[in-house]
Amino acid sequence: MSFLRDRKNISILLVLIVFNLILISLQVYLEEAENFIEKVSFSIFAAVKHGFSSLMKGISRFWENYFDLWHAKKKNREMNKEITRLRHENILLKNSLKEFRDIEEIKKDLIQFHNHILLARIISLDFSNLYKSAIIDKGTMDGIEKNMAVCDKYGHLLGRVIEPISLKEARIQLITDNLCAVGIYTENSMVYGILKGKGNGMCFLDHILTTEKSISLGETVTTSGYDGIYPQGIRVGSIISMEESSSLFQKVEVRPYFNFNRLDMVVVLKKNDQ
Amino acid sequence: MRIRSGIGAGIGIITAVVIHTFLEKISISANEYISLLSLVVILYAVKKGELFGAGLGTVCGLIQDSFSAGIYGISGLAKTLTGFLAGYISRKININSPFRSFILIFVLVVMEILIWSFFYWFITKGSFFRGGTGVFFRPLLTSILGSFLFMILKKYKFFIVP
């Protein structure tokens, strides 16, 4: 009897293992297409996290408001949001001015830009490696789409929206993920290249020739817009080390500007059709 | 009876997810140090046996995968094996003492990390240990909390199947 029971148990275990292996293999077959089971489990449990996160936020706000002058707090929150919007407008203005466009054009852009900013909150970080991804509290109902760029509240690049996206939650791939790549240029030396994540909270510049000597330590790295995902002119990080190697390329390490410990409010840059 | 167990496990999963969310608010890297979903799988596998453990392991693993940008199904596979082995080993050896339950959970969590890392490396050629250092403390902290939970749950007759 015990033998039969063990055989039945092993058979069911094998079925479960094969089921998981099929799920793993499907990703190779479907590439970036959505996995239905992943989408369902994400929608259900991201909603649980979202709900609890909102509840905690609500309780902490209530607590603060109870002791503080809550009108002042509310005003402060609104102003913080406004500051974040203004920072992004400022970035756009600077970029537009760089291109020597006339003021009317800039104004037109500015009005459009205001409608293309969406404030969101981080509700969870990656369960397996916290430098890979995060979940935000905005989804398809708020107009979130795949590949929208995401910045922190200071306007530094954080990552992009990837799937799955549910009604009120979406996942973002952080620039520190080892599978992430961003088109960039260095601000002073104007060297164009690709920034990749290292998976440990840092990034590096890929394919920078050893003959390239103009890059300097501390230089700011900014998005070039050539990747077609991240808009041009978003500050990404600064160069913290450069090492020559025996190969054709040098190792240039970049520390992202965004701070993991202060990830709360983020800005999603909704896609501009123009 | 099965429905009751399913509901109990469901509550366990939701509690684990809620506590994970709470820990994240305290410290951004807190979830690297402890795996509450693995603990739910091990506790229920010991209570209900290897089949229930394997099934619950698949569910918990896939939930964990849905919160991660990695390969969907790797945690499912690792936790399925963890759940099965937890149920199987607990039938074969006595894990009544806190020390024995500590060792069992420690070994299972280490095994789960190794299975996960192997498949992650096999598919992406990337190392799981690139992230924070918290993962090295995960087996220790999870097994300390787990053996403590074992003691409490035993007191409330959680492991006695009616």
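**View 1. The largest pocket of this predicted model.** The largest pocket holds about 1,100 Å³ of space, a volume being the space filled by probe spheres set on grid points joined across faces, edges and corners. On a 1 Å grid over the protein atoms alone, a pocket is an open set of points where a 1.4 Å probe fits, with protein on both sides within 12 Å along at least five of seven lines; lining residues have an atom within 4 Å of a point. Of its 38 lining residues, Lys57(A), Arg61(A), Arg121(A), Asp264(A) and Met265(A) are the closest to the centre.

**View 2. The lining of the largest pocket.** The lining has 17 charged residues (Asp, Glu, Lys, Arg), 13 nonpolar (Ala, Val, Leu, Ile, Met, Phe, Trp, Tyr, Cys, Pro) and eight polar (the others, Gly among them). With ten residues, α3(A) gives the most.

**View 3. The largest nonpolar core.** Such a core is a set of buried Ala, Val, Leu, Ile, Met, Phe, Trp, Tyr and Cys residues joined through side-chain atoms within 4.5 Å, where buried means under 20% relative accessible area (1.4 Å probe, protein chains only). Among its 50 residues, Ile13(B), Ile42(B), Leu56(B) and Phe67(B) touch the most other members.

**View 4. Surroundings of Phe67(B).** Phe67(B) contacts (heavy atoms within 4.5 Å) residues of chain A including Phe45(A), Leu125(A), Phe127(A) and Arg171(A).

Residues are numbered from 1 along each chain as its sequence is written, and chains are lettered from A in the order in which they are written. Local features need pLDDT of at least 70 and side-chain atom pairs count only at pLDDT 80 or more, while totals for chains, interfaces and linings use all residues; side-chain values use heavy atoms, with hydrogens and water left out.

Notes
Helix = DSSP H or I, 4+ residues; strand = E, 2+ residues; numbered from the N terminus. Lists of a residue's contacts leave out its neighbours within four places in sequence.
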